[in-house]
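Subject: Structure handover

Hello,

Here is the structure I promised to pass on. Please open it and keep it beside you while you read my notes.

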Amino acid sequence: MQNPGDPIYWTLKQASENLRARKITSEELTKACLDRIAIFNPKIDAWITVMREQSLAQAKALDKEAAGGHWRGPLHGIPIGLKDNIDSAGVRTTAGSKTLAGNIAKEDAEVTRRLRAAGAVIVGKCNMHIFASGATSAVSYYGPVRNPWNLEMIAGGSSGGSAAGVAMDHCYAALGTDTGGSIRTPSAMCGVTGFKATYGRVSIRGIVPLTWSLDHCGPIARTAEDTAAVLQIIAGYDRLDLQSVDYSVPDYGSAIGAPVAQFRLGISPQFYDGLEPGVADAVEAATAVLVKMTKGAKEIEMPSILGAGAGSEGSVYREELGNGFVRAETESAGGGGGGGGLGGSRAVEYIKEWRALRLLRRSVDDEVFRKQEIDLIITPTLREVAWSIEDELTRSANARARNPKPGNTRALDDYGLPTITVPCGYSRTGMPIGLQISGANWREQDVLALAHAYQCATEWHTRRPSLTADAKVPTLSKAAAGQTGESAGR
């Protein structure tokens, strides 16, 4: 049975407060996380590389700093994970692939550097959908990430290991990346909170790209308050990142507890077609809670994303690695389809899509928020709950196209808007359901304020999977197992 007083079940904020009060050490917190990874990673396969020795050494050094009166801030001594497409100096970055299995990063990604400077303890690199090119994390050279709520189900992707690791209390937060929904999809499926800020707010330098013009990096944690603490550190201009925007970073902590009664909510019908019954019920109930605490909601129209994109950009990076080999590896594993980053297109078509994407982002604030007089957009994160790993992989083995529900996450990457997903209920089968809250460009604090207010009014985010140490891992059929490297890359 879970003990709320056990440090492993603390939120990031609670862990930070106890570290500051010297009630626990970073070494103790880090060891607790590492021990939990050792027990449960064989069940859920959330980690590709566990940095046990490095993280314990880092924690000891940070404890010495704290004892000497040097406190770096809220992330000082906090164990955090990195999706395995984010570089950490001296550690391999595989992007879930065989191609990069021996790729040792020469330096930290900018977000990793910022985390280290803030005193975060990097405990390891999280499993993911190969090259971030899919929404399931079932396809990885290191085996499929399994959903902690049901080991037969996908964890969502492509940041599946980051979300599953947070859900199982392996770390207090983890970074993911989001091109077509890769932070929000697994966060919703695993019952945790995931946040992508405005496009260009967080550096993507040192991250294996999928599609530069759509790629975001952001935090996954238990609560909106915890994501705010991480975002405060990783947000900010990076002059060496061509996608980074020089725009002042507010104090996100001030959004926590800020009044929300003035907010006007928008609901776009295009995100609500074909919802599974359980999803529809949960989202309706969550919206009712939000309506009561704000000025209310009204129907709005969102601009079309047709013709906007940057589908050829991912091919540039892969060509440097040997595009033919990477493509063969990904396609044989049923990869593709994540953010449109694996295919090529004629230069003229790319330029048209690229221009349309930028015009869309420049006009969305006027067309949606100002003209329609709203402050925040409410949508279901996904239209269905997690489905079976076996079904997903056997479909790939037989080259059968899946007919998924229309996506609700990709459009928010095209618009570039800051968007969070928070748990808002569970299906009849016990699988998590997520709700998205999106704000105008550079208004992350509005998103955080409403998400925090919702979590203060509900308890969905406090639930934990009931997975036990003696749980049996379901066996995949030969056809399904053949679509992934299983543990070949360990």
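Strand S2 (residues 79–83) runs parallel to S6, and three bridges join the two. Leu-82 has Leu-175 as its bridge partner in S6. Please keep in mind that this is a predicted model.

S6 also pairs with strand S8 (residues 216–221). That pairing is antiparallel and covers six bridges. Asp-178 stands opposite His-216 in S8.

How many of the residues of strand S6 are buried? Six of the six, across residues 173–178, so S6 is largely enclosed by the rest of the structure. In a regular strand, side chains alternate between the two faces of the sheet. Both faces of S6 are covered. Ala-173, Leu-175 and Thr-177 are buried on one side. Ala-174, Gly-176 and Asp-178 are buried on the other.

Next, strand S7 (residues 193–196). Thr-193 and Phe-195 point one way, Gly-194 and Lys-196 the other, and all are buried. S7 pairs with S8 in the antiparallel sense over two bridges. Here Thr-193 has Ala-221 of S8 as its bridge partner. S7 also pairs with S12, again antiparallel, over three bridges. Gly-194 stands opposite Thr-421 in S12.

The largest nonpolar core has 90 residues. Which of them touch the most other members? They are Val-111, Leu-115, Leu-175, Ile-420 and Leu-450. Helix H14 (residues 444–457) gives the most to this core, with seven residues. A second, separate core holds 28 residues, including Leu-62, Ala-155, Ala-164 and Val-192.

Leu-115 is worth a look on screen. Leaving out residues up to four places away in sequence, Leu-115 touches Leu-75, Ile-80, Leu-82, Ala-120, Ile-122, Leu-175, Val-230, Ile-233 and Ile-234. Leu-82 and Leu-175, in that list, are also the bridge partners from S2 and S6.

Thr-112 is in helix H4 (residues 110–117). Is Thr-112 buried or exposed? Its relative accessible area is 0%, so Thr-112 counts as buried. A polar atom of the Thr-112 side chain lies 2.8 Å from the backbone oxygen of Asp-87. Thr-112 touches Leu-82, Ile-86, Asp-87 and Ser-88, again without residues up to four places away in sequence.

Helix H5 (residues 160–167) comes next. Eight of its eight residues are buried, so H5 is largely enclosed by the rest of the structure. The buried residues are Gly-160, Gly-161, Ser-162, Ala-163, Ala-164, Gly-165, Val-166 and Ala-167. Ala-164 is also in the second core. After H5 comes Asp-169, with a positive phi near 60°.

Then the aromatic rings. A search of the whole structure finds four aromatic pairs. Trp-149 and Tyr-426 form a tilted pair, 5.0 Å centre to centre, with 50° between the planes. The pair links distant parts of the chain, 277 residues apart. Trp-149 sits in the loop between strand S4 (146–147) and strand S5 (150–154), and Tyr-426 in strand S12 (residues 419–426). Tyr-426 has 15% relative accessibility, so Tyr-426 counts as buried.

Tyr-247 and Trp-442 form a stacked pair, 4.5 Å centre to centre, with 15° between the planes. Tyr-247 lies in the loop between helix H7 (224–234) and strand S9 (265–267), and Trp-442 in the loop between strand S13 (432–439) and H14, so the pair ties together parts that are 195 residues apart in sequence. Tyr-247 is partly exposed, at 42% relative accessible area. Trp-442 counts as buried, at 16% relative accessibility.

Ring pairs also link Trp-149, Tyr-426 and Trp-460 into a cluster. Elsewhere, Arg-361 lies over the face of Tyr-199, at 4.1 Å from the ring centre.

Last, Asp-63. Which helix holds Asp-63? That is H3 (residues 52–67). Asp-63 touches Thr-25, Ser-26 and Glu-27, not counting residues up to four places away in sequence. The C-alpha atoms of Asp-63 and Val-291 are separated by 45 Å, and the two residues are 228 apart along the chain.

Best wishes

Terms used: Residues are numbered from 1 along each chain as its sequence is written. This is a predicted model: local features need pLDDT of at least 70, side-chain atom pairs count only at pLDDT 80 or more; totals for chains, interfaces and linings use all residues. Side-chain values use heavy atoms; hydrogens and water are left out. A nonpolar core is a set of buried Ala, Val, Leu, Ile, Met, Phe, Trp, Tyr and Cys residues joined through side-chain atoms within 4.5 Å. Buried means under 20% relative accessible area, exposed over 50%, partly exposed in between (1.4 Å probe, protein chains only). Helices (H or I, at least four residues) and strands (E, at least two) are DSSP runs, numbered from the N terminus. Contact means heavy atoms within 4.5 Å. Rings of Phe, Tyr and Trp (its six-membered ring) pair if their centres lie within 6.5 Å; planes under 30 degrees apart count as stacked, over 60 as edge-to-face and the rest as tilted. A charge sits over a ring if NZ of Lys or CZ of Arg is within 6 Å of the ring centre and within 35 degrees of the ring normal. A polar contact is a pair of N or O atoms within 3.5 Å; within protein, one must be able to donate a hydrogen and the other to accept it, and residues adjacent in sequence count only if both atoms are side-chain atoms. Two strands pair if DSSP finds at least two bridges between them.
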